Amino acid sequence: MKMKLVAGLTIAMTAGLFVGAMTASADDLVSIGFAQVGHESDWRTASTKSCQDVFSEENGYNLSFVDCDNDEAAQKEAVRSFIEQEVDYIIIDPIIATGWDTVLTECEDAGIPVIVIDRTIDDSDKYVSWVGSNFKTEGLAAGEWLKAYAEAKGIDEINALVISGSTGSSAQIGRSEGFQEIADREGWTILDEQTGDFTEAGGQEVMESYAKSYEGKYNVVVCQNDNEAFGAMTAMDNAGVSYGPNGDVILISFDACTAGLKDVQAEKITADFECNPLAAPFVEEVIKQLQNGEEPEKEVFMVEHWYGLEDAAVPFEIDGEPQEVTVVTDEIIEAQY
Ligand code: AHR
């Protein structure tokens with residue numbers, strides 16, 4: 001991957017992708033480098049759009065955007081290229097949670113504040129703020145909801161297959177830990193957990209193999225994002241397995257993007273646990289605070305909802321906190337990302 005500056009035109013090239021930003025009078029603009037995970041999912045597309053909309057030239061920013069295509073080395077290289085460019089701020093959505101301290105120290109030495117979004121960095125605190133989701137809470141929500149739903153339906157045995165997200169990402173780690181905690185407490189069987197890498201193709205491939213290996217043995221499939229669920233549904237359709245509120249398999253998903261909620265409404269996904277990708281306005285707030293010499297919050301949590309149809313709207317609790325399932329309507333789908 002290469003980065004170069006051409007007379008006010010910043011070009012980021014990675015894995016065949018490039019994004020350019022014309023800067024009429026670059027000196028007046030706040031320059032930002034954003035090292036994005038990739039383009040693996042609907043969620044990711046919404047996250048990228050959110051950043052590009054907020055950090056536009058019109059709003060006073062010069063955004064250098066790098067799509068790291070899920071390549072950890074490329075992501076570190078992108079951050080180093082932002083240091084070379086002497087940008088004012090660096091935004092990182094870390095592909096994996098560890099291995100960050102060296103490059104964050106380089107940012108610190110260069111005096112460039114780093115803001116982390118979405119996924120967490122677990123082995124360094126050399127960043128100003130993190131804005132994102134509590135992934136363990138999402139996993140706990142899925143587990144606690146499943147317990148309440150199974151009780152309401154008179155289902156007394158849970159045999160689950162999990163299609164996890166990209167291994168080592170904090171999104172995968174948190175969702176797996178949260179769901180596993182409830183499974184262990186309730187004595188459920190998790191028959192298998194394999195990664196679908198947060199992609200539709202990955203979800204389909206894993207589910208095709210599950211459908212053969214565990215034929216007739218499972219009643220729950222947990223996909224750690226909507227795109228994996230789309231792939232898993234194709235595989236179950238091809239294998240003649242019925243799923244959703246009226247099917248043999250309870251299908252759980254995460255993200256709750258527009259297409260995911262449409263599948264909830266179509267009675268395919270039984271419940272969808274939101275991961276909110278619209279962090280950019282909160283990141284802008286952090287940047288404004290820094291510009292004003294204020295100290296931003298170290299952690300900013302996104303507000304998230306849990307979705308289903310009437311049938312799935314069972315009350316449940318997480319650590320004693322009452323939770324609600326929001327019933328999906330046309331208006332909700334319309335307003336989603
Ligand atoms: O880090 C957030 C996760 O990454 C989303 O759930 C998924 O869709 C994305 O690729």
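Modeller: Happy to. Keep in mind that this is a predicted model. Let me begin with Gln-75, which lies in helix α2.

Colleague: Is Gln-75 buried or exposed?

Modeller: Gln-75 counts as buried, because its relative accessibility is 1%. Its C-alpha atom is 16 Å from that of Tyr-127, a residue 52 positions away along the chain.

Colleague: And Glu-84, buried or exposed?

Modeller: Glu-84 lies in helix α2, and at 72% relative accessibility Glu-84 counts as exposed.

Colleague: Which residues form the negative surface patch?

Modeller: That patch is made by Asp-69, Asp-71, Glu-72 and Glu-77. Of these, Glu-72 sits in helix α2, which covers residues 72-85. Glu-72 is partly exposed, since its relative accessible area is 37%.

Colleague: Switching to the inside: which residues touch the most other members of the largest nonpolar core?

Modeller: Trp-145, Leu-146, Val-220, Ile-252, Phe-273 and Phe-316 do, in a core of 28 residues. Elements giving two or more residues to this core include α4 (135-153), α5 (170-186), β12 (250-255) and β16 (316-318).

Colleague: Which element gives the most?

Modeller: That's α4, with eight residues. As background, nonpolar side chains tend to be buried together in soluble globular proteins.

Colleague: Now salt bridges. How many are there?

Modeller: The count comes to 16 salt bridges. One of them joins the side chains of Asp-118 and Arg-44, at 3.3 Å from N to O.

Colleague: Where do Asp-118 and Arg-44 lie?

Modeller: Asp-118 is in strand β7 and Arg-44 in helix α1 (residues 42-54), so the pair ties together parts 74 residues apart in sequence. Both Asp-118 and Arg-44 are buried, and for Asp-118 the relative accessibility is 6%. Asp-118 also has a phi near 65°, a positive value in a residue other than glycine.

Colleague: Interesting! What about Asp-197, what is its phi?

Modeller: Asp-197 has a positive phi of about 55°, although it is not a glycine. Asp-197 lies in the loop between β10 (189-195) and α6, and at 34% relative accessibility Asp-197 counts as partly exposed.

Colleague: While we're on α6, where is Met-207 placed?

Modeller: Met-207 is in helix α6, residues 200-213. Met-207 is buried, with a relative accessible area of 0%. From Met-207 to Gln-194 the C-alpha distance is 9.4 Å, and the two are 13 residues apart in sequence.

Colleague: Back to charges. Which residue forms a salt bridge with Arg-185?

Modeller: Glu-186 does, with the closest N and O atoms 2.9 Å apart. Arg-185 counts as partly exposed at 45% relative accessibility, and Glu-186 is partly exposed with a relative accessible area of 29%.

Colleague: And how far apart are Lys-288 and Glu-284 in helix α9?

Modeller: They are four residues apart in α9 (residues 280-291), so about one helical turn separates Lys-288 and Glu-284. Their side chains meet in a salt bridge at 3.8 Å, N to O. Lys-288 counts as partly exposed at 42% relative accessibility, whereas Glu-284 counts as buried at 17%.

Terms used:
Residues are numbered from 1 along each chain as its sequence is written. This is a predicted model: local features need pLDDT of at least 70, side-chain atom pairs count only at pLDDT 80 or more; totals for chains, interfaces and linings use all residues. Side-chain values use heavy atoms; hydrogens and water are left out. Patches are made of residues with over 30% relative accessible area and no salt bridge: like charges are joined within 9 Å, nonpolar side chains (Val, Leu, Ile, Met, Phe, Trp, Tyr) within 5 Å. Accessible areas come from the Shrake-Rupley method with a 1.4 Å probe; for residues, only the protein chains shown count as cover. A salt bridge is a side-chain nitrogen of Lys or Arg within 4 Å of a carboxyl oxygen of Asp or Glu. Lys and Arg count as positive and Asp and Glu as negative; His and the chain ends are not counted. The place of a charge is taken as NZ of Lys, CZ of Arg, CG of Asp or CD of Glu. Buried means under 20% relative accessible area, exposed over 50%, partly exposed in between (1.4 Å probe, protein chains only). A nonpolar core is a set of buried Ala, Val, Leu, Ile, Met, Phe, Trp, Tyr and Cys residues joined through side-chain atoms within 4.5 Å.
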